[in-house]
Amino acid sequence: MTTDTAAAVDSAARRTAGSVRAAQLLTAVAVAAGTTLVPASPATASGLAGYCPDGNGVTVIVDFQELGGPTIIRCAVGDQATGHTALKNAGISITGTTRWGESFICRIEGRPTAAEEACVDTPPASAYWSYWHAADGEPWTYSQRGVMARKPQLGSFEGWSFAKNRTASTSPPPRIAPVRPAPLPPATSHPATPQLTRTTPPAPKPPTDPAPPGGVPTRQPPATSPAPAGAPTSGPSSPDPTTAGTTDVSTAPSTSPAGEASAPVKTGDPAARTEAWTGDVNRTSAQHTGVPVMTVLGAGLLLAVAVAAVVTARRRRRNG
């Protein structure tokens, strides 16, 4: 860029800044014509801290730039008639000038201080609060109207940035972008994790043998083998079976193959011992063959008697 071109740009910027300040001064004069010109008192606290949560309001941003201090972001809820009411309703303290009142903003939140700026007349172009505006998501635009003459739109941004030792072309806009943050998504509740209940299985019962009809257990004591005739019986001593008058009786009852106890047997009586042995043989044979030995012997005896009777009858007929 040549020297002539730079000079032309700077001259145009100065003319633009001069026209803006002139418009602000004209607005201040018009307001002052019908009002008492006294410095404004600090605004009472109102508005909301931070960005407006939705489009029903105007967000006001104050950037102190070289003055130092944190940037202020507050919300003026609802429709705002002017930029001046947006500042007031956002809860931001402002001070006008002695000559023009609050139609020309000289001090915001006490800056610059009284030592830095007396705020008697219009602040100099080298140190003043520049006024900006923007729609949500759009870049900042320097206001061509004074704070009393401009009506902000719902959902828009109003910006104030201190310009110190700057030219009209380098006056800085607020360093915070005029973008309303997206609302946070609603918190979602997660279903409770089901608690797993650990159950202990019942202890297994000991196996039991099913009882047959009549309540007799299926497991029977082992059958005892019958002792042969003349064999000594168990016990501390066995008497001689041939001894006459022996009255020793075994105290242990004989056990049948089916587990049934029989009456005590006189061990000193050979006939009783033979009968007991025969009964044991019958029971043992019946257990293995299914037919008692005595039944077979009885059938044979009956057959022999019948044959003898037939033979006797025939002899009598012959003799008769």
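**Exercise 1. A serine in strand β8**

Which side chain does the side chain of S161 join in a polar contact? Place S161 in the secondary structure and describe its surroundings.

*Solution.* The model is a predicted one, in which local features need pLDDT of at least 70 and side-chain atom pairs count only at pLDDT 80 or more, while totals for chains, interfaces and linings use all residues. Residues are numbered from 1 along each chain as its sequence is written, and side-chain values use heavy atoms, with hydrogens and water left out.

Step 1. The partner is Q65, whose side chain is joined to that of S161 by a polar contact of 3.1 Å; such a contact is a pair of N or O atoms within 3.5 Å, where within protein one must be able to donate a hydrogen and the other to accept it, and residues adjacent in sequence count only if both atoms are side-chain atoms.

Step 2. S161 sits in strand β8, helices (H or I, at least four residues) and strands (E, at least two) being DSSP runs numbered from the N terminus.

Step 3. With 0% relative accessibility, S161 counts as buried, a term that means under 20% relative accessible area, as against exposed for over 50% and partly exposed in between (1.4 Å probe, protein chains only).

Step 4. Beyond its neighbours within four places in sequence, S161 has contacts (heavy atoms within 4.5 Å) that include D63, Q65, W129 and P173.

**Exercise 2. The overall architecture**

How many helices and strands does the protein have, and in what pattern do they follow along the sequence?

*Solution.* Step 1. There are four helices and eight strands, and along the sequence they follow the pattern α-β-β-β-α-β-β-β-β-β-α-α.

Step 1. Of the 320 residues in the protein, 27% are buried. Among contacts between residues at least 6 apart in sequence, 58% join residues at least 24 apart.

**Exercise 3. The nonpolar cores**

Which residues of the largest nonpolar core touch the most other members, and which elements each supply at least two residues?

*Solution.* Step 1. A nonpolar core is a set of buried Ala, Val, Leu, Ile, Met, Phe, Trp, Tyr and Cys residues joined through side-chain atoms within 4.5 Å. The largest one holds 19 residues, and those touching the most other members are V60, V62, L87, I92, I108, W129 and W160.

Step 1. At least two residues of this core come from each of β2 (57-63), β3 (72-77), α2 (83-89), β6 (127-134) and β8 (157-164), and the largest share, three residues, is supplied by β2.

Step 2. Setting aside residues up to four places away in sequence, V62 touches T71, I72, I92, I108, W129 and W160. Another core, of eight residues, lies apart from the largest one and has I61, W140, Y142 and A163 among its members.

**Exercise 4. Salt bridges across the sequence**

How many salt bridges are counted, and which parts of the chain does the pair of R175 and D63 tie together?

*Solution.* Step 1. The count comes to seven, where a salt bridge is a side-chain nitrogen of Lys or Arg within 4 Å of a carboxyl oxygen of Asp or Glu.

Step 1. In one of them the side chains of R175 and D63 meet at 2.8 Å, N to O. Because R175 lies in the loop between β8 and α3 (270-289) and D63 in strand β2, the pair ties together parts that are 112 residues apart in sequence. R175 is exposed at 57% relative accessibility, whereas D63 is buried at 1%.

Step 2. A salt bridge also joins K151 and D79, with their closest N and O atoms 2.9 Å apart. K151 belongs to the loop between β7 (141-142) and β8, and D79 to the loop between β3 and α2, 72 residues apart. K151 is partly exposed, with a relative accessible area of 39%, and D79 is exposed, with 52%.
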